[in-house]
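Biologist: Please bring up the model, and we will go through it by question and answer.

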Amino acid sequence: MFEPVLLKNVDLPDGHLLSSYEAGGGYQALRKVLGECTPDEVVELVKQSNLRGRGGAGFPTGMKWSFVPKRTDRPKYLCCNADEGEPGTFKDRIIMERDPHQLIEALAVSGYAIGAEVAYVYVRGEYVTAIRRLEQAIAEAHEKGYLGTGVLGSDFNFAVHIHCGAGAYICGEETAMLESLEGKRAQPRLKPPFPAVAGLYASPTVINNVETLACVPHIVMRGPAWFRGIGPDKSPGPKLYCVSGQVRKPGLYELPMGIPLRELVEDHAGGPLPGRKVKAVIPGGVSAPVIPEPGLEIGMDFDSLAAAGSMLGSAGVIVIDDSTCMVKVATRIIEFFHHESCGKCTPCREGLNWAVKVLRRVEAGEGAPGDLEQLDMLCKGIFGNTFCALGDGAAMGLRAALKHFRDEFVAHIEERRCPFH
Amino acid sequence: MTMREEIEAAAARYPDRRSALMPALLIAQREHGHLPGPVLEEVADILGVERIWVYELATFYTLFHTEPIGMFHLQLCDNVSCMLCGSEDLLTHLEARLGIKKGETTPDGLFTLSTVECLGACEMAPVMQVGDDYHGNLDVVRLDALLDSLRAAAGRFARVEHASAPQPGE
Amino acid sequence: MVSVTIDEHKLEVEAGSTVLAAAERLGIEIPTFCYWKRLPPLASCRMCLVEIEGLRRLQPACATAVAEGMVVRTNTPLIEETRSSMLDMLLANHPLDCPICDKGGECELQDMVMAYGPRESGFRDAKRVFHSKDIRLSPVVIMNVNRCIQCQRCVRMCEEVVGAVALGTVEKGMDTAVTGFEGSLASCDQCGNCIEVCPVGALMSFPYRYKARPWDLNETDTICPHCGTGCQLTVGARKGEFMRVRSDWEHGVNRETLCVRGRFGLDFIESRDRIKRPMIRRDGALTPVSWEEAGDYLSRRLSAVKGKVAGGLISPRLPNEVLYQFQKLMRTVLRTNNIDCSSRWSTPVDALGPLLASFHTRAPLQEVIGRDCVLVIGGNVTEENPVTEYLLRDAARRQQTGLLMLSARPSRLDSDARAVVRVPPGGEAASLAAVAAGLVSAAGPVLPGDLFADIGRLPAATDSDQSNALAAALMEGRSVTLLVSVDVLRSPLARATLQQLSNLLQILYVLGKAPALQFLFDRANQMGAWDMGVMAGALPGPRPVVDAQTRAAFAQAWGAEIPSEPGADLDAMLQLCVNGRMGALYVVGTDPLLSYPDREFVERALKAADLLIVQDAFLTDTAGLADVVLPAAGYGEETGIFTNNEGRAQKVRKFREPVFEARGNLAIFDFVAALCGEAQQPSTQGEIFDEIARLIPAYQGLKQEELGPDGAFTTAALSPPAGEFFAAPPVASATNALLLVTGNCLFHNGYLSEHSEILNTVAEDPYVEMSMQDAARLGVSDSEHVVVRSAQGELTAKLKVNRRFPKGLVFVPENYKALRLNSLMRRGEYPCPVEVHKARATDEVGPFNGSAARADGLGQGMPPA
Ligand SMILES: Cc1cc2nc3c(=O)[nH]c(=O)nc-3n(C[C@H](O)[C@H](O)[C@H](O)COP(=O)(O)O)c2cc1C
Ligand code: SF4
Ligand code: FES
């Protein structure tokens, strides 16, 4: 049985209060780094841990931090990506609602490491409870000197502000998030310059996901070797898996990185609903290409999934059983991306629009010969050519559905109806 | 705090006043229910930013409403996880019970029905957000109970409003 | 320098250039939509994707910087397929209503599909449709969102270049639409630059819509007649009828941008107020007659005043040849130096001459302001010289030019400035003295003590903090450019202001800041008018009339004597009239009755002249008082040269013959000379051009055939400054009085703009602008009607409260004919002390130009057209 690290407090009755967080050893990591480590040493710990970003892309966190210029006369910023918009994902919400101090401590430690005095937590606006709990926790932390001027008597000043999103998936994309923080329409920015060099208000900025940051205090307390010892060395650590869809026990599971998808779905989440069979699983939120049942042996980590043509993404595991029409799932996914496209670049804005039109028709039994080729062509025109990764995610997802479940698409066109109805 | 004070407090959190636009719009929307032109102008005025910037934001983000909405905004998630767990049937049911299509508001102004993208609560799919609250693991029975309780709450609210309103002849 | 290989061609380019720029150098075309030369790259249309060796994905050429050894390919099958795919996606949602689209025939999407697009599309589903009727965003801007391809050029243009931030983008994804606040652009600059940069027919000019097909237009490259910036533009006319104005990136100081006056204000050409036939005063009324009759009459009247004084006033909006010929006519035929070219101020030639000779830089504005420090003095450049303002903003934002502002009127540019000195109305001279003093003390021992001691010891003005900040910024600058608005010349303190400018420039000179000076004229050919010697005290050059050598040279060239005494300027000429000494006053193309700052006096004077000759294209108020009215060619009906603020000589081309019985100005001068029994030689435009090029050093060597679309620069060797320093003007004692300052607004800069129906439609009603504090003190609020009263008279207009206005300043725009602003002013007194109070219901309001013509339903919301 894997002992939870990130989720250890979430089931405590008052887990969101400072008192229970402190009782469980909270804020020791902050004390430790302020007392014993230089910022560079903290960055080094994170580097050695091989921690990779939990927001989706799996970028090595320590490396990202080390891109922040040491010498600069501009302030540095830490931004926490708590926009959690990837369908199938709810891990950050649970941390923020039930263990907000874990995130606040993580922010303070990380802010100290990169030399930031201000952190903005970009929380999606729907997460009202999470926002309230975080605000309350920030107030408590301030009162106890974990935040504010001279944190815990040191000369480190640190403030955390919440920035509420207002309903736009694209805000999860880090540069769009910066635009949004600056009070603009959330459209991704050109890179370079990368945020670590010129991000928020053109200042050096580190952006990390909630879960990524939450790992940091534990790395500080237990050491990078402990972290690297969990799961594959190149992609290690405890990991939160969000399981949902047509499965007996949907929920949030903390397990080692790299655990086989089948074990997660069948053992931990209880397998398919009675009388049904698993047909396919989306392993990392709807941006991740679907994996048909025979492929469930795959290990749930960045590299294994990438090698199999899918991705770990946000680890939003969506289980689809044999009663479900894949054309419908694919259509819904592309509708989502189409709805959430920020509209900046041509292939994403226009391409997804055409994909939705064709898919809806095919799903409704009004498809025509040539439609699937048209969809293949669209995937080609979109993938790799969009401004940010939103379009890529959409094209990859559609391409996988077309590839693995082409017979279902063909059946819709040939039978002029949905075979599942 | 007045709306202006609240917005000023939000602005103090950022080095640049334009950054406070999103919090300001949320504050203004809480105050006014939705964001018509004059409210957008007022926000622009308080923050000293261009009016068009405010308008851009109010239309870009789905949580901002430039048109009035009902007292209860029923936001049913219809993304993949919820869809797999039956949200489509719930929508059909809601449309039938309320007599409106999604995107519409009931004539009494009580309910606005929308479908929304993933609410980030798929562990309790299907999910619907009403106001600040999430309601999960919904089925038709629970949904009906929820609608009834909202109606009852609206009735209480209306009575309170009514009681505090000056009576004719007073 | 780095070396790159593009399509097998090797090239050395500057580090930091984009792949797109490098390819352009090699003549390799890469298609683009969102890229625009003047704007930072957006990289959103994805048309310019190219292959870069070693990179997995295609990269946008417009935003990718070259790197050493980079190998780029722009013509592989993958790239061709990708381009075609982008176009396919765009086109499939595009309405394809090309036959009725204004852009048909000059549409970038059409051209691009022709060159790179798929021959047929596989998309069969319905197109996206936003609306079925075009949306009227403003009186001049109309939008078809269905056609928009989201390149965002317009929005970026509006914010980054024009600085208006009126256009924006609403909704997201496929619903994204470009529009104004609440769907209206009613309160934008109406410059139409958004229309110009739109690659398709999404943003359109309302006045031009459905009027012509581009291939039916006769296009003429010419120069804007409105202000001294001198923007290049192209007039499209069909069978001599004015249709539209276009501009292009390649040419002119303006590099495609125009302001509302340039883009929409040329329809005055078709104004109904044209004078159709000559007129003479008969039984007290002006009566149309033939040219012969007018000639007979005029020659009789002229001989009647022989022996009395004559005087001439001409508009600085006429071409050099006309101006030159006019002063020559006055000097050699009517034998007088009583000549002027401004109907609003008197030019102190003694103070101006040396300044021009030592510091006036005849060089591209782009270059002059690309230096590291620019001080803008007086006026409101945003409203007076909009395109100059765009360039200044660009310099400040993109080239880190330090902008410094010193003026009574605030302007939009202040927000991009490094230092702003807000001077009290009429306080420019005093503030300049304070800045000079600050500079001397900042420079300290660097300056030779005795010379500057006096300046350093000047009494500090009240705004010393601001002045010191500005002085410090000047001290930091490596090179300094001064841009001076003409409104400093409007005041009786003009001489003092010019003297203080001279002090400041000389200090900068000694400090090694290589100071440059240019004026920001609000009249298209003011610089030319000075160069042509249309001044009482100066011959062409301008060189002093009193200089015997100069006089002799011109006398010889012209074969006639030139009066040796400096003549009377307009002010003095009007005094001569009033004193009963003026025989013939000859007014060409200008309307002093409307613009001279004392209506009562100018009216009395004009009536007192024995003979008033008015030569004009339009029936002006002044023409209404004339004895003889001669119909002249209008703009676009005669060719000639304008010299703009930069000293750039540019050709104004005619696109039709003078209408009705109007004649070219030069022909009319011939006509008048002949009546006096003389013949002016030479007399055609080309010959006069050559004479100017021969006799005026700055114009030497110019050849008319060589004036391409960018014109050519006049040149002058700057003489070292005189080394004379002037005492500071007395600092005006602080008063609580309100002081009225007048000037141009965006939509009207006088005379011509009032004849433009479109400008009248877009212009706001005349207004009175003042600070929030003053408004509060007087108990008046925004949009309310107020009465402005001076010792001379009063007017009523809407109040516009301006948060950025300083206390004590009242501004009313000139050039609203119906307002009769000059009836408030008293000769020699400016700024003008006024009182302001709330209008009572009985106070007369309007009738204002424009308000009646305003299109219904505009302003709020977005009414369908
Ligand atoms: C379209 C899109 C949406 C994204 N949404 C999220 C999100 O909701 N939460 C998140 O943490 N990262 C999201 N990301 C990833 C972020 O861009 C970024 O990689 C991440 O916040 C970096 O943090 P990490 O290194 O800790 O993972 C998204 C990326 C894209 C392209
Ligand atoms: S800035 Fe001046 S020259 Fe240029 S378009 Fe406007 S009025 Fe004409
Ligand atoms: S021109 Fe490069 S992406 Fe549009």
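Modeller: One definition to start: buried means under 20% relative accessible area, exposed over 50%, and partly exposed in between, with a 1.4 Å probe and protein chains only. The model is predicted, so local features need pLDDT of at least 70 and side-chain atom pairs pLDDT 80 or more, while totals for chains, interfaces and linings use all residues. Residues are numbered from 1 along each chain, chains are lettered from A and ligands numbered from 1 in the order written, and side-chain values use heavy atoms, without hydrogens and water.

Biologist: At its relative accessibility, does C:Ser783 count as buried, partly exposed or exposed, and what is the value?

Modeller: C:Ser783 is found in the loop between α25 (772–778) and β33 (785–789) of chain C; helices (H or I, at least four residues) and strands (E, at least two) are DSSP runs numbered from the N terminus. Its phi is near 75°, a positive value in a residue other than glycine. Most residues other than glycine have a negative phi. C:Ser783 counts as partly exposed, because its relative accessibility is 44%.

Biologist: And C:Val165, buried or exposed?

Modeller: C:Val165 lies in the loop between α4 (153–162) and β8 (167–170) of chain C, and has a positive phi near 50°. With a relative accessibility of 10%, C:Val165 counts as buried.

Biologist: Which element gives the most residues to the shell around ligand 1?

Modeller: The shell takes in residues with a heavy atom within 4 Å of the ligand. Both β4 (205–209) and α16 (389–404) of chain A supply at least two residues. The largest share, three residues, is from β4(A).

Biologist: How far is the polar side-chain atom of A:Asn209 from an oxygen atom of ligand 1?

Modeller: A polar contact is a pair of N or O atoms within 3.5 Å; within protein, one must be able to donate a hydrogen and the other to accept it, and residues adjacent in sequence count only if both atoms are side-chain atoms. Backbone atoms also face ligand oxygens, at 3.3 Å for A:Arg54 and 3.1 Å for A:Glu174. For the side chain of A:Asn209, the distance is 2.6 Å.

Biologist: Where is the cis peptide bond that involves A:Pro193?

Modeller: Most peptide bonds are trans. A:Pro193 lies in the loop between α8 (174–181) and β4 of chain A. With omega about 0°, the cis bond joins A:Pro193 to A:Pro192.
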